[in-house]
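Trainee: I would like to go through the terms used for this model and see what each one rests on.
Mentor: Then ask about them one at a time.

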Amino acid sequence: MKSYIIAPLTKLTKYNIKIIFGNKFLYFVLSAVGFYILTVALSLISDDEITTASGYNMLLVPSILLIFYPACFGIQNDQDAKIIEIIFGIPNYRYKVWLFRLLISYCICFILTLFLSAVTNWLVVEVPPAELAIQAMVPALFIGMLCFMLSTIVRNGNGTAVFIIVIGLLLFILNGILGDSKWNLFLNPFHLPLDKNPEIFYNTVVNNRIIILLASLICLLTGLYKTQNREKFI
């Protein structure tokens with residue numbers, strides 16, 4: 001019985017991975033790993049102490065890179081593969097397809113982020129790999145959902161990518177301005193400021209994660225709502 005379920009599900013997953021990454025999956029994995037190696041190298045040659053907070057910063061951009069392409073170019077890849085009409089041809093099928101693809105994308109992103117976290121623990125500094133990977137996935141979750149939402153509005157992968165890059169630059173600028181505020185997308189949960197009470201900082205981190213998760217859910221629901229207009233995509 002299990003084989004009847006697992007075998008078709010495996011084929012479906014492999015097929016959707018090809019569509020999601022447009023046969024460019026390896027390139028994005030290599031780019032994420034390359035950026036991780038560069039960040040580690042810069043940290044090692046600097047005079048700053050490498051801590052768990054440093055490990056979080058090392059994983060932040062690679063995890064975002066891994067989700068960036070499938071979320072931005074998912075709809076365009078469907079159009080290029082000439083299957084967009086099939087997706088819209090069956091009632092509510094598009095929701096199942098794109099939710100399934102987002103799930104696959106995030107699973108792959110988490111597995112690779114967890115792997116890089118384990119490498120950090122093994123070669124760079126002692127860190128809790130699972131906790132580090134989960135925390136790094138929170139900003140990646142929001143960025144991915146934001147990419148998906150914008151892709152349903154722009155309906156072009158390159159256009160969506162441009163918007164996300166501009167928004168990303170603004171968020172990185174705000175990172176320095178907002179600092180340890182609960183509104184900072186890139187708040188480092190492992191970097192406890194010397195002038196803050198640990199309990200207050202913990203509450204700030206919890207509120208920050210709740211805000212990001214709620215914002216991610218809003219982006220997802222908005223994106224799914226935008227897909228109701230079939231004529232704009234075909």
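Trainee: At what angle do the axes of helix 6 and helix 8 cross?
Mentor: This is a predicted model, in which local features need pLDDT of at least 70, side-chain atom pairs count only at pLDDT 80 or more, and totals for chains, interfaces and linings use all residues. Residues are numbered from 1 along each chain as its sequence is written, and side-chain values use heavy atoms, with hydrogens and water left out. The axes of helix 6 (residues 129-154) and helix 8 (residues 198-226) cross at roughly 25° and come within 8 Å. Axes are lines fitted to C-alpha atoms, for helices over the stretch in contact, and angles run from 0 to 180 degrees between N-to-C directions.

Trainee: Why is helix 6 called roughly parallel to helix 8?
Mentor: Angles under 35 degrees count as roughly parallel, over 145 as roughly antiparallel, 65 to 115 as roughly perpendicular and the rest as oblique. The crossing angle is roughly 25°, so helix 6 is roughly parallel to helix 8.

Trainee: Which residues of helix 6 and helix 8 meet?
Mentor: Contact means heavy atoms within 4.5 Å. Among those that meet are Gln 135, Phe 142 and Met 149 in helix 6, and Arg 209, Ser 216 and Leu 220 in helix 8. The residues of this contact divide into 15 nonpolar, 5 polar and 2 charged. Here Ala, Val, Leu, Ile, Met, Phe, Trp, Tyr, Cys and Pro count as nonpolar, Asp, Glu, Lys and Arg as charged, and the others, Gly among them, as polar.

Trainee: What makes Gln 135 count as buried?
Mentor: Buried means under 20% relative accessible area, exposed over 50%, partly exposed in between (1.4 Å probe, protein chains only). Gln 135 has a relative accessible area of 17%, so Gln 135 is buried. Leaving aside neighbours within four places in sequence, Gln 135 is in contact with Tyr 56, Pro 189, Phe 190 and Arg 209. Gln 135 and Tyr 56 are 79 residues apart in sequence, yet 7.9 Å apart in space, C-alpha to C-alpha.

Trainee: How many disulfides are counted?
Mentor: The count comes to 0; a disulfide is a pair of cysteine sulfur atoms within 2.5 Å. For Cys 109, the nearest cysteine sulfur is that of Cys 107, 9.9 Å away.

Trainee: Why is Cys 147 in no disulfide?
Mentor: The nearest cysteine sulfur, that of Cys 72, is 3.5 Å away, and the cut-off is 2.5 Å, so the pair does not count as a disulfide. Cys 147 counts as buried, at 0% relative accessibility.

Definitions and conventions. Helices (H or I, at least four residues) and strands (E, at least two) are DSSP runs, numbered from the N terminus.
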